[in-house]
Amino acid sequence: MSGSNRSALGLAQTFVGGRSVWTLVGEASLRNMRSAQITTVQLEALPVDRGETSQHVENIMTALEKYSSQRAATPGGAPWLYVQHVPVRRLISQLVRKLMALSAWDAFAQAPGPVTPAPYEGLLGLRDSSSREYRPYTVTWSGAAFALGAPAPHNPARSARLRRRAAPQVDAWAGPSPEPSTLPRAAVVALSWSSRHAQTLMPVLEELARDGHPSMLIDIATDPAERCPKPVANAVSLCRAPVEILAVAGTVPRMRLEAEEPAGSESSVQVGQHTVRLDRLERLAAALVEESGGCTQPSWRAVVHTEAWLDEVLCAVRPHTTLVSNDTSPLGALAVHTAERHGANTVHIQHGAWMPGSVAWPAIHSRHIVVMGERDVAPARAWARHTEAEIHVLGQPRFDVLAGLGRETQRRYLQKLLATGTGQEPDRIAVWACQPSGPERLRAQADIILDGLQTAQGRWGLVIAPHPAQGIHAFDRLLQQDGRRLVAVADPQVGARGCLAGADAVASVFSTCGIEAVLLDVPVLELDLPGERTLGLAEQSLAHRCGSAADIARALSALSEPHPRVTRDARDAVCRWRGNSAFDIAQLIVGRSRADHTHIDPDHHDAPGSVSGTPRDKGAPVR
């Protein structure tokens with residue numbers, strides 16, 4: 001959980017011709033200045049309104065779409081900003097937070113003015129994060145000044161830290177990838193670039209195989225830890241994409257950083273009192289998508305190469321359906337666009353919980369959208385982009401295995417883990433299901449959990465279950481702390497699912513392991529901390545809302561008291577769980593492939609076993 005060194009800059013007020021100008025200077029220089037000043041670290045700590053931030057991001061992306069989306073497209077016709085929307089939107093979010101923090105500082109609010117970049121500081125940088133997969137890009141403060149129109153003749157596009165990570169960490173798989181023309185025919189093609197995608201998709205492919213429908217799982221992961229395991233079913237083939245298609249650099253044509261619009265012709269958008277130039281944003285985006293970050297954040301050239309390869313695969317395999325569990329990130333959006341050009345049906349299976357702010361881009365492009373619970377129908381309807389979109393409430397296929405989890409086996413694992421790591425065995429055990437947040441956010445979560453365990457009744461131990469995308473050293477400093485606290489870290493291969501059935505309580509901010517715990521009747525502590533979003537389980541009386549260590553202590557102490565069991569209706573609102581979600585989704589795929597263009601009543605809920613090729617339990621097709 002250790003963070004890297006931050007850029008040691010400050011912002012100081014100067015005056016040019018009687019006008020207030022704000023200059024980025026080295027933090028050490030602030031000691032010799034008497035004007036209004038603040039460090040960038042202090043600026044970034046100022047609170048900003050999340051709702052206002054989201055609205056500004058939406059406004060900027062809408063304006064940027066109109067200004068730039070048609071600047072270039074893939075050979076298959078996918079606009080550059082349609083494919084690269086998520087990484088660009090994340091970058092814009094970082095810019096907006098900085099600008100809103102600047103406005104929240106009283107000294108600037110009282111005397112606003114232009115911001116002068118720090119010479120030679122890169123315009124794009126990296127934030128601290130425990131995620132192993134995603135590059136947490138950000139706009140530096142000099143980059144923010146550039147977006148507002150300041151000249152930056154001596155500023156490179158990328159910070160030194162980002163330049164050191166420019167080359168993607170692509171590991172070659174054993175053996176060459178097959179030529180697309182040699183691939184076997186398959187009824188369904190699924191796309192995965194994450195181990196979690198594979199867990200969601202594979203149960204459905206196995207159900208299809210049992211019913212005689214061959215499928216192919218395309219593994220396009222560039223992180224060896226995220227590769228798909230070899231399928232068990234013979235009718236499910238695995239095709240690993242050639243790693244070289246995602247290792248290439250290259251940005252969108254005609255969007256070079258050094259290009260400028262003619263003076264006086266700048267298009268812009270307002271963020272409060274700040275005027276942001278769209279041509280500058282476009283050039284920051286061009287720099288962002290120039291270097292490939294692997295499968296999660298490919299360069300523009302990598303996108304073009306991937307599309308050409310997918311075209312060849314779909315021409316050879318000729319599936320009737322393409323299946324994904326993410327169609328908003330670059331590769332998912334590209335896959336759905338490519339599949340529909342080939343006339344394939346598109347099915348999206350909801351992978352994680354959908355709450356306000358939980359997705360980088362509230363857009364779903366597939367025709368058929370499978371959601372976990374009744375509460376997910378409304379956001380799915382709002383986010384659906386397909387003109388004939390249908391929504392189906394069929395649960396989560398990777399949760400089907402929960403019914404077979406061995407509670408006693410998992411309990412013994414937790415006890416052994418704590419005894420080995422601390423030399424002691426607690427009376428009760430809590431599991432913390434983590435998300436790949438930055439070091440400061442993880443520290444804040446750890447502090448209230450540990451303090452709450454310390455004061456709760458009984459002797460509690462804590463097992464940290466890292467997210468699959470977290471680096472293995474994310475919790476090193478935590479484990480070196482106060483020896484009175486019983487803390488251990490689960491093996492990343494075991495994960496939260498290998499722990500939660502044996503726990504007395506599960507703590508979570510936004511991990512879907514909180515939903516799994518609800519399904520298994522394991523008490524959930526939902527961490528409701530400032531600036532964090534939650535799964536919203538406490539709002540439906542499915543979890544204890546905990547905003548402090550005292551809340552956690554009270555919730556844990558209350559577990560020994562009788563409490564009502566969770567009703568089936570309450571669980572169904574969050575996730576419809578019968579143990580047959582994979583089967584039902586497989587039936588949906590087969591049924592829709594047979595009658596893809598028939599009219600479906602948008603208000604009809606499929607009756608159990610009503611028609612061959614439809615799910616056995618309740619679904620909710622909505623157009």
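Predicted model: local features only at pLDDT ≥ 70, side-chain atom pairs only at ≥ 80, totals over all residues.
## How H10 and H11 pack

Two packed helices are described by the angle between their axes and the distance between the axes. Helix H10, which covers residues 300-317, packs with helix H11, residues 330-341, at an angle of about 40°, and their axes lie 10 Å apart. Because of that angle, H10 is oblique to H11. The crossing in which H10 passes H11 is right-handed.

On the H10 side, the contact is made by Val-303, Thr-306, Glu-307, Leu-310, Asp-311 and Leu-314, while H11 contributes Leu-331, Leu-334, Ala-335, Thr-338, Ala-339 and Arg-341.

## A covered helix, H9

Helix H9, made of residues 278-288, is mostly covered, with 11 of its 11 residues buried. The buried residues of H9 include leucines such as Leu-278, Leu-281, Leu-284 and Leu-288, and also Asp-279, Arg-280, Glu-282 and Arg-283.

## Cysteines without a disulfide

How many disulfides does the count come to? The count comes to zero disulfides, where a disulfide would need a pair of cysteine sulfur atoms within 2.5 Å. For Cys-513, the closest cysteine sulfur is in Cys-499, and because the distance to it is 9.1 Å, it is too far for a bond.

Cys-513 counts as buried, at 11% relative accessibility. Cys-295 is also buried, with a relative accessible area of 5%.

Technical notes. Residues numbered from 1 in each chain as written. Heavy atoms only, no water. Axes fitted to C-alpha atoms, helices over the stretch in contact; angles between N-to-C directions. Helix = DSSP H or I, 4+ residues; strand = E, 2+ residues; numbered from the N terminus. Parallel < 35°, antiparallel > 145°, perpendicular 65-115°, else oblique. Left-handed = near helix turned anticlockwise from the far one by under 90°. Contact = heavy atoms within 4.5 Å. Buried < 20%, exposed > 50% of the residue type's maximum accessible area, 1.4 Å probe, protein only.
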